[in-house]
Amino acid sequence: MVDIAENLAQVQQRISAACERSDRSTEEVQLVAVGKKFTAQVIREAADCGLNLFGENRVQEAKIKIPDCPGHLRWHFIGNLQTNKCKDAVALFDMLHAVDSLHLAEELNKRCEQLAKVMPVLLEVNVSGEGSKHGFTPEQAIEVTQAFFDFPKLELHGLMTMAPFSRQAESARPYFRKLRELKSDCEKKLGAPLPELSMGMSGDYEIAIEEGATLIRLGTTLFGPRSQANKD
Ligand SMILES: *Cc1c(COP(=O)(O)O)cnc(C)c1O
């Protein structure tokens with residue numbers, strides 16, 4: 001059995017230490033607990049430990065799980081969305097981290113209009129240029145920021161990325177730094193601040209914090225390997 005409380009205590013210590021090293025306040029960093037593949041029961045345990053912001057990457061799974069979880073929890077969608085899932089996603093989630101096309105943004109805006117809801121969104125940027133990754137190129141990201149003025153129901157809050165997989169956390173640093181610099185470029189183009197940088201997962205979140213992350217997305221380090229989900 002995974003001890004979520006114990007894991008969370010360790011994560012919180014590491015967040016504090018990373019904030020201290022980079023002269024930041026821990027209040028600037030929000031922990032998104034990624035409970036994908038884990039049951040509502042596990043989420044409820046995590047909520048009992050004081051976690052209240054959760055991330056999911058499958059609309060179907062979230063649709064079943066969220067109604068079984070405490071009503072005070074907030075939910076972020078961190079995966080890539082297909083347009084046929086936008087209606088449910090807009091109804092279920094409080095923020096969407098990985099908007100990766102204007103076509104998707106247009107569909108989301110339409111669905112938000114139908115629900116009279118304003119949705120905070122982040123642009124996913126493929127900073128590494130890996131073919132397997134979704135997202136705008138850095139150049140496209142700067143270009144499309146202004147297009148969000150055409151989507152009155154979407155609020156552009158910032159950028160999101162995933163660093164290439166590596167066993168060495170430090171190797172993610174250049175990608176996170178690049179996302180932070182890109183955020184400034186987007187802010188200049190937009191003439192408005194973008195508060196959020198969603199970057200950092202279980203293997204590299206301390207580096208992400210040092211480079212300015214405001215949202216870190218942690219699964220394995222809190223809940224254990226997903227291969228063990230549903231096995232208790
Ligand atoms: C699964 C997932 C995470 C969490 O990954 P861990 O390595 O388990 O912390 C973070 N971000 C996204 C987009 C994910 O899909």
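Some ground rules. This is a predicted model, where local features need pLDDT of at least 70 and side-chain atom pairs count only at pLDDT 80 or more, while totals for chains, interfaces and linings use all residues. Residues are numbered from 1 along each chain as its sequence is written, and side-chain values use heavy atoms, with hydrogens and water left out.

Now, who surrounds the ligand? There are 13 residues, and the closest are Lys36, Ser202, Gly219, Thr220 and Arg226. To be near, a residue needs a heavy atom within 4 Å. By class, the shell has six nonpolar, four polar and three charged residues. Gly counts as polar; Asp, Glu, Lys and Arg count as charged.

Next, polar contacts, meaning pairs of N or O atoms within 3.5 Å. Ser202 puts a polar side-chain atom 2.5 Å from a ligand oxygen. Gly219 uses a backbone N or O atom, 2.8 Å from an oxygen of the ligand. In Arg217, a side-chain N or O atom is 2.8 Å from a ligand nitrogen. How much of the ligand does the protein bury? Alone, the ligand exposes 390 Å², and the protein buries 90% of that. Those areas come from the Shrake-Rupley method with a 1.4 Å probe.

On to salt bridges: a side-chain nitrogen of Lys or Arg within 4 Å of a carboxyl oxygen of Asp or Glu. The count is 16. One of them joins Arg14 and Glu206, at 3.2 Å from N to O. Arg14 is in helix 1 (residues 4–21) and Glu206 in helix 8 (residues 205–210), so this pair ties together parts 192 residues apart in sequence. Helices are DSSP runs, H or I, of at least four residues, numbered from the N terminus.

Technical notes:
A polar contact is a pair of N or O atoms within 3.5 Å; within protein, one must be able to donate a hydrogen and the other to accept it, and residues adjacent in sequence count only if both atoms are side-chain atoms. Helices (H or I, at least four residues) and strands (E, at least two) are DSSP runs, numbered from the N terminus.
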